[in-house]
Amino acid sequence: MPKALKYATNSVVYFRGDSTDCFYVLKSGKVCISTDDTVTPNADAIPSSKQQIIVPGGFFGAQAFLAQVPQEETAVCLLPSEIIAFSTDEFERMTQSNSDLVFRILRVFSMEMFEAHRRVVELISNKVMLEQIPAEEGLFNVVSYFFKGRYYSQSIIAMQHYMDQYPNGKYIDICKERIAEAKSKLGSNYDNSNKMFFKSNADQVANQSSEAELVYKEALGLFNQKKYAPCVLKFSRILREQNDPDFAQYIPDSMFHSGMAFVHLNKMDEAIEQFTELMQKYPKYEKFGDAMFHLANCYDKQGDKVRSKVLYEKLLLILPEDSPLRRYIK
C-alpha cells in the first residue's frame with residue numbers, strides 16, 4: 001500500500017541531491033519545489049522563476065524517481081501537508097490503470113524538455129528570447145516520441161488526446177494512420193509499452209535495436225573501406241533518427257565520420273555543417289578537439305583564414321601538451 005506521510009509547515013520532504021525511491025502525490029496542503037535551495041517564506045508569497053508550487057492533486061519528484069537519479073530540487077511544505085508516497089511497484093500498478101495520470105506526467109516532461117531545449121538554444125545562439133512552442137506542436141512531439149519508441153499503449157493515449165483536442169489539426173491524418181498501426185502492434189514483440197518507466201540493465205541490453213547497431217557498423221565499414229559516398233548515405237540514415245533512443249548512442253560518431261567523409265569528397269560546406277552541429281550539440285564528445293581541428297582545416301581550404309585562425313588558436317588552448325594535433329596547427 002502507498003504510504004500516507006504527514007508534514008508540518010516548513011518541513012523538508014527531500015533536499016536537492018537526495019536519492020529517493022518514491023513518487024509523491026500531494027493529498028492536502030501546499031509544497032514548494034525549488035531548484036536553487038531557497039523556498040518561498042510563506043504560503044501566500046509569489047514564487048520565483050526557480051520555484052514551483054504544488055497544490056493538492058499535483059505530483060512531484062517524478063523525474064528523479066523515473067530516471068533513478070538524485071533529486072535536482074528541494075521540496076518544502078508551506079502548509080501542514082499530507083503526501084502519498086508510491087514505491088516502484090505501486091507506481092507501476094497505478095499507471096497501468098490511470099491513463100490520465102500518465103498523460104499529466106508526459107505533459108510535465110514535455111514542457112521540461114522544451115525548457116531545456118530553449119536554454120540550450122539561448123546558450124548556442126546568444127538569443128535572449130525563443131518563440132514558445134505551440135500547444136499543438138508540443139502535443140504532437142509527445143505523440144511522435146512514444147510512437148517512434150514503440151511505446152504503443154502510451155502513444156495511443158496521446159494520439160487519442162490529440163484527435164480529441166484538434167479534430168481538424170494539421171497532424172490529424174498522421175495520427176489516424178499511426179493509431180491504427182499502434183493498435184495492430186499492441187502486445188506484440190515490438191511493443192515496449194510495459195517498459196516505458198522502468199528498465200533493468202538486462203532489459204536495456206535486450207531491448208537495444210539490432211537495426212541501429214547494424215546500420216552504424218555498415219556505415220563505419222564503408223568509411224574504413226574509403227567508400228565515402230555510400231557511407232555518407234548510411235550515416236544520414238542514423239542522423240535522421242536523432243529522436244529514436246535506439247540510435248542515440250551512434251549520433252555523435254556518425255556526425256564526426258560524416259564530416260570526415262565530406263572532407264574526403266572535397267565537399268567542404270557539408271563538412272563544415274556537420275562538424276559545427278557536432279560541436280554545438282556534443283561539447284563533451286571524446287573527439288571534440290579532432291572535430292574542431294578538421295573544422296578549422298575546412299575553413300583553411302576554403303581560403304577563410306580568419307575563421308581558421310580563430311579555431312586553431314582556440315584549439316591550442318584546450319589541447320593537452322602531448323596532443324599529436326599540435327604539430328599540425330599552423
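This is a predicted model: local features need pLDDT of at least 70, side-chain atom pairs count only at pLDDT 80 or more; totals for chains, interfaces and linings use all residues.
1. **Overall make-up.** The protein chain holds 13 helices and 8 strands. It runs to 330 residues, and 43% of them count as buried. The chain exposes about 19,200 Å². Carbon and sulfur atoms supply 52% of that area.

2. **Contact range.** Take the contacts between residues at least 6 apart in sequence. Of these, 63% join residues at least 24 apart.

3. **Helices α5 and α6.** Two packed helices are described by the angle between their axes and the distance between the axes. Helix α5 covers residues 152–165 and helix α6 covers residues 172–185. Their axes lie 9 Å apart, at an angle of about 150°. Angles over 145 degrees count as roughly antiparallel, so α5 and α6 are roughly antiparallel to each other. Their crossing is left-handed. From α5, the contact uses Tyr152, Ser155, Ile156, Met159, Gln160, Tyr162 and Met163. From α6, the partners are Ile172, Cys175, Lys176, Arg178, Ile179, Ala182, Lys183 and Lys185. By class, this contact has 9 nonpolar, 2 polar and 4 charged residues.

4. **Helices α10 and α11.** Helix α10 spans residues 251–264, and helix α11 spans residues 268–281. The two pack at about 160°, with axes 8 Å apart. They are therefore roughly antiparallel to each other. The crossing is left-handed. On the α10 side, the contact is made by Pro252, Met255, Phe256, Ser258, Gly259, Met260, Phe262 and Val263. On the α11 side, Met268, Glu270, Ala271, Gln274, Phe275, Glu277, Leu278 and Lys281 take part. The residues of the α10 and α11 contact divide into 10 nonpolar, 3 polar and 3 charged.

5. **Helices α12 and α13.** Helix α12 runs over residues 288–301, and helix α13 over residues 305–318. Their axes come within 8 Å and cross at roughly 160°. That angle makes α12 and α13 roughly antiparallel to each other. α12 passes α13 in a left-handed crossing. The α12 residues in the contact are Phe288, Gly289, Met292, Phe293, Leu295, Ala296, Asn297, Tyr299 and Asp300. Facing them in α13 are Lys305, Arg307, Ser308, Leu311, Tyr312, Lys314, Leu315 and Ile318. The tally by class is 10 nonpolar, 3 polar and 4 charged.

6. Is Ser308 buried or exposed? Buried means under 20% relative accessible area. Ser308 is at 3%, so Ser308 counts as buried. Its place is in α13. Leave aside neighbours within four places in sequence. Ser308 is then in contact with Ala296, Tyr299 and Asp300.

7. **Phe23 and Phe65.** Phe23 is found in strand β3, residues 23–28. Its relative accessible area is 0%, so Phe23 is buried. Phe23 and Phe65 are 42 residues apart along the chain. Their C-alpha atoms are separated by 6.2 Å.

8. Ile33 is found in strand β4, residues 31–34. With a relative accessible area of 7%, Ile33 is buried.

9. **Positive phi at Asn10.** Most residues other than glycine have a negative phi. Asn10 is not a glycine, yet its phi is positive, near 75°. Where does Asn10 lie? Asn10 is in the loop between β1 (3–7) and β2 (12–14). Exposed means over 50% relative accessible area. Asn10 is at 52%, so Asn10 counts as exposed.

10. **Positive phi at Lys226.** Lys226 also has a positive phi without being a glycine, at about 65°. Lys226 lies in the loop between α8 (210–224) and α9 (228–239). Its relative accessible area is 62%, so Lys226 is exposed.

Conventions: Residues are numbered from 1 along each chain as its sequence is written. Side-chain values use heavy atoms; hydrogens and water are left out. Helices (H or I, at least four residues) and strands (E, at least two) are DSSP runs, numbered from the N terminus. Buried means under 20% relative accessible area, exposed over 50%, partly exposed in between (1.4 Å probe, protein chains only). Contact means heavy atoms within 4.5 Å. Accessible areas come from the Shrake-Rupley method with a 1.4 Å probe; for residues, only the protein chains shown count as cover. Axes are lines fitted to C-alpha atoms, for helices over the stretch in contact, and angles run from 0 to 180 degrees between N-to-C directions. Angles under 35 degrees count as roughly parallel, over 145 as roughly antiparallel, 65 to 115 as roughly perpendicular and the rest as oblique. A crossing is left-handed if the near helix is turned anticlockwise from the far one by less than a right angle, and right-handed if clockwise. Ala, Val, Leu, Ile, Met, Phe, Trp, Tyr, Cys and Pro count as nonpolar, Asp, Glu, Lys and Arg as charged, and the others, Gly among them, as polar.
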